[in-house]
Amino acid sequence: MSKLVIVESPAKAKNIKGYLGSGYEVVASMGHVRDLPAARLSVDIANDFEPKYAVIKGKENFVKELKKKADKADYVYLATDPDREGEAISWHLATLLDLDMNDKNRVTFNEITKNGVKSGMAQPRAIDIDFVNAQQARRILDRLIGYKLSPFISQKIRRGLSAGRVQSVALRLVVDREAEIRAFKPEEYWSIDAKFTNPPERKTFSAALYGKGNEKIKVQNKEQSDKILLDLENAQYVVTGVKKGSRKKNPTPPFTTSTLQQEASRRLSFQARRTMKAAQELYEGVDAGELGTVGLITYMRTDSLRISEEARAAGNEYITQTYGEKYLPKKPRYYKSKNNIQDGHEAIRPSMPKVTPEQVKPYLSSDQYKLYKLIWERFIASLMEACLQETMKIEISANDYIFNATGYTVKFDGFTVLYEEKGDDEKSDSASSPLPAMKEGDVLKLKSILGNQHFTQPPARYTEASLTKALEENGVGRPSTYVTITSTILNREYVRREGKQFVPTELGEAVTNLLKERMPNIVNVKYTSKMENDLDKIDSGEKNYKEMIRLYYDEFEEPLEKAKADMQGVKIRLKEEETDVVCEKCGRNMVIKVGRFGKFLACPGYPECKNTKPLVYKTTAKCPECGGDVIEKKTKKGASFFGCSNYPECNFMTWDAPSDEVCPRCGKSLFKRRGNVLYCPDTEGCGFTKPVPRKKKSEEE
């Protein structure tokens, strides 16, 4: 019998074919094959929100060939990704191929290994229509909101803008945080910090002023600080309290999509898109030498913390063999997932826990290795015994003033021998700060005492990691959408990056303020979270997806129509960015405007002066043909290319980006082409090339 298996990506198709062997043909759909056409609304509102799907442009021939293969096959398996989006793709494929929706032709693979594929193929099921409808509801609502709201904000602010069910909430979080920072008024406070030794020991330790008598002191200015220091002159410092204790520090759970993106950002400085690209490659399979071509991690879009007992046993075996029995907890640790999650597959973990990062390092790219190491260590650590710490708190008295010193020593390192999560400040608290042995009545030797000025700090701006965390904690968006959300608000120039931080632009603030005033539900975190929870109920069949769409569309349409009526003829003006380019017609400095085909230069004297010109960015390179400046230009679709500023007298043009380096042979500017190679474009045939040097770790993204 011939069997056709349809997956989403070519890499996965190749690897799965290797496991299934002869009798199976495995083809890739390359993602969605059918969708709502972008040129129109594609949702029939009057006909109960019926979606008008069509084959995606450019895939018509592929669908024809797929139909031929399906007709020839004795059986067709739909093996797209194990989530809502994958379920919807399988449903679209079944519709196009005229497959029976009740037939058990849907298979899923949590991991692309021999066992994972065999297990998936052994458990075929019918397409889960509730899962499909949950995806359809999101897709249709996103289209309705985006298609109707985007023109409104474009008319009121600037051409080409967009708004959306989730992206607008994410933008509001960034804008509101910036408003908090601007409104923040720092308050002065002081700390009294001392350093001591406990003779005859030489070790110095630190202590801070707590209070006086039984009351805590808040030192607010230098005068107070100086008075306390004066009171403590020639004081004797005596230990008046020693409190010992212990605490247990448990490991963090294995990764979900959100926590993986956050930790990869903190530890590896990976942006979310870079993280998910490497994770996709690790899931779909890599050539790992003697192991063959194998998927090294489980499916990477998940919000579940569940792991299989088989994986637990394999991880426990590795821990016992490598670290010993004492590193394995007596009672297995189970992590509880949040409510309303997709629990159809596991947390992100290594598909074969016994395969260490070092074993496969020679076969992985730098990004793949770093991410696999992070996932593997987090998973193994999550199974290990807790870290036990002995704590000590010392109370020191001097002239009725009380100082406190705290410290701890590690009694048993447990999981920290392998891994510790980093916090948002990017520092691990793994450093131990033990105190010297002390007892009540000990007289300490003062080494130094200082009053230090401090100011309260405003809340930190969001980073990609902390914004993802905030969205997840507020129930906004889902694992598959986090990358798209942050990419969209960046690409739309609603926010910009300053280092790792997100800073709203004037445009982003204008969009948010307009929506807060006129469409408050769209940027309301709690409302969007409620919508997500209701949409999740479609998964289990608790809610009808058409009724859900109708409910939320009605609540969206009424305020939108009112906003359109109230703001007829109103235009929100943004401050235009002035350049140093002088208008040759009237002498004013030209400003940057945005039109149908992107940014351009215009005279601010409009309508008296209507001069415009293309916006070009000057590079440091010189034209290899005439010596003029090489400038960056844009196609109508926004793609960058480079040409000579002396056009049309000089026709030099290239898609390759110029570098700051010059050719050591002829002195002309070097350009960078694919393959990370710098080359000399000298038309007389200099021919010099050299590879681009690899970035140092500190310079990597």
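This report covers model confidence and aromatic contacts in a predicted protein structure.

## Ground rules and confidence

Residue numbers start from 1 along each chain as its sequence is written. In this predicted model, local features need pLDDT of at least 70, side-chain atom pairs count only at pLDDT 80 or more, totals for chains, interfaces and linings use all residues, and side-chain values use heavy atoms, leaving out hydrogens and water.

The chain averages a pLDDT (the predictor's confidence in each residue, from 0 to 100) of 90, and 95% of the residues score at least 70. Residues 425-431 stay under 50, with twelve contacts (heavy atoms within 4.5 Å) beyond four places in sequence. Residues 696-701 are also below 50, and have eight contacts beyond near neighbours in sequence.

## Aromatic pairs

The whole structure holds 16 aromatic pairs. Rings of Phe, Tyr and Trp (its six-membered ring) pair if their centres lie within 6.5 Å; planes under 30 degrees apart are stacked, over 60 edge-to-face, and the rest tilted.

Tyr553 and Phe556 are tilted, at 6.1 Å and 45°. These two are about one helical turn apart because they lie three residues apart in helix H17.

Ring pairs also join Phe196, Phe205, Tyr237 and Phe403 into a cluster.

Conventions. Helices (H or I, at least four residues) and strands (E, at least two) are DSSP runs, numbered from the N terminus.
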